[in-house]
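Please open the structure in a viewer and keep the selection tool at hand.

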Amino acid sequence: MAKPWTVLLRASFRDDADLPRYMQIAHGLIHEIERGRLLPGEYLPSSRDLATALAVNRKTIVTAYEELIAQGWLVSGGTRGTMVSTSLPSAESIAPAPLAAPFGDTEYPFLGPPDRPIAIAPGTWRKLDEGVPDGRLFPADPLARAYRKAVEQASRDNGLGYRDPRGLPRLRQEIAEMLRRQRGLMVTADHICITRGSQMGVFLTARVLIRPGDAVLVERLTHEPAVAAFRACGAKIVTVGLDEDGIDVADVERQCRRHRVRAIFVTPHHQFPTTVSMRPERRLRLLELARQFAFAVIEDDYDHEFHFGAQPLLPMASYAPARVIYAGSMSKLLVPALRIGYIAAAPQVIDALAYQISLIDGMGNSVTEDAAAELLATGEVRRHVRKTAQIYAARRDAFARSLEQEMADLVDYRLPDGGLAFWLRFRDIAALDRMEARAPEFGLSFASSHSYAADDSAERGLRIGFASLTEEEAREVLRTLRRCADK
Ligand SMILES: Cc1ncc(COP(=O)(O)O)c(C=O)c1O
């Protein structure tokens, strides 16, 4: 008599639940009908048998059955007992198939398997990054104080409700001021939209600029998440060359003559992944082409603060504000976990982005935004950057020394003037293949050398962040990488 579902019914009893036991049984039975384990027309055990199987009072079962009869799930079958109503839809039509995908991915294209991994691989491996700050140096106490202040203040001001989708005005003002003073952008808060990381800013920019089939130019080696965002918005990706001075502007012109180009994505300050700065004459030529062929320049200035050599060039957005959509981030300035990025652009673009945000999550995280504004306003961010820039400059030099020791015969590289990573080019691609194949055995994981290539002709290399590694850690990592590459 004790069918498997009676065992499951019993297992689902919760003594701490507010629901009376007869209701728990009624819900359990509905669940079994929905799952198709109890079929229309099927008789249920007698109230006495089920009471014994579930170790409850018979009255409890009678009450549960009566409730379900009243709701139309069960019907009384006279002397034969109580059965599942035959006027319910068939089990197949109401029960979700437990293992098969519920929707065909041809009808719902975004339900298919993702084009790229969506999660960071779990495991106890040492994960080498592509240039993130050392979270251990993060000013946790000032941030905690800033959060406390933000919550208390917002509560006092009744400011914990829904707010402007462009972001908290205070943070937009602080960021506008930072961009004006330190990067030469002529912006006010009206030119700023806060996003959850600059990746969201790039994605939303693609949403508002791109129609399916429009061409977006990217350098042959580039930041793959940006390319994925453009593709997700229907863009046709067209690649252009790059060299030691940045993007190949003649190639940009050639592609503009072939395709209807809507936008170009560039990282002129420190090219991702190769770290080179785009030379001034190329920046100017690129902007001329943007005017001539009427495309937008999406300038991703993800790690502006960390520049160790001469004074960095000003962003392109500082001298061509109408053509450039400027994406910035606090992921390198502070840490990625804060998820604070921003777009600086003409107010018309900002409003279009804010409309997209209003569709997605209504607004950002105003408490985090206020805490970040506090860190900017009190000078905490400036002090943190000053301190970490010195540490990272020393780590860059130490990393280079270890590279010389461990891999001088395998790789070519330039000491990066700024940013938080090295770009390693391999003299013998077989050594790179060995390194990638054997890294898991040695407990290392890092972004694939294929992930930077936007087309098949792009050279493969590794981008390894140095800022998050102490001198000793870097030495150990490079020694291990070397062992992975050895025959
Ligand atoms: C090229 C580039 N852009 C932007 C970002 C920052 O992304 P987010 O602000 O979404 O954390 C990164 C981070 O690694 C990056 O490498």
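The model is predicted.

**First stop: two helices**

Select residues 198-209, which form helix α8, and residues 347-360, which form helix α12. Two packed helices are described by the angle between their axes and the distance between the axes. Here the axes come within 9 Å and cross at roughly 105°; α8 and α12 are therefore roughly perpendicular to each other, as angles of 65 to 115 degrees are classed in this way. Next, display the side chains at the contact: α8 contributes Met200, Leu204, Thr205, Arg207 and Val208, while α12 contributes Ala352, Leu353, Gln356, Ile357 and Ile360. By class, these are seven nonpolar, two polar and one charged.

**Second stop: a sheet**

Now move to the open sheet of three strands, ordered β13-β14-β16 with antiparallel pairing. Select β13 (411-412) and β16 (461-465), the edge strands, each of which pairs on one side only. Which residue in β16 stands opposite Trp423? It is Arg463. Helix α15 packs on this sheet and touches β14 and β16, with its direction at about 55° to that of β16.

Select α15 (residues 429-438) together with helix α16 (residues 471-485); they pack at an angle of about 110°, with axes 7 Å apart. That angle makes α15 roughly perpendicular to α16. Finally, display Ala431, Arg434, Met435 and Arg438 in α15, which meet Leu481, Arg483, Cys484 and Ala485 in α16. This contact has five nonpolar, no polar and three charged residues.

Key: Residues numbered from 1 in each chain as written. Predicted model: local features only at pLDDT ≥ 70, side-chain atom pairs only at ≥ 80, totals over all residues. Heavy atoms only, no water. Axes fitted to C-alpha atoms, helices over the stretch in contact; angles between N-to-C directions. Helix = DSSP H or I, 4+ residues; strand = E, 2+ residues; numbered from the N terminus. Parallel < 35°, antiparallel > 145°, perpendicular 65-115°, else oblique. Contact = heavy atoms within 4.5 Å. Nonpolar A, V, L, I, M, F, W, Y, C, P; charged D, E, K, R; others polar. Pairing = 2+ DSSP bridges.
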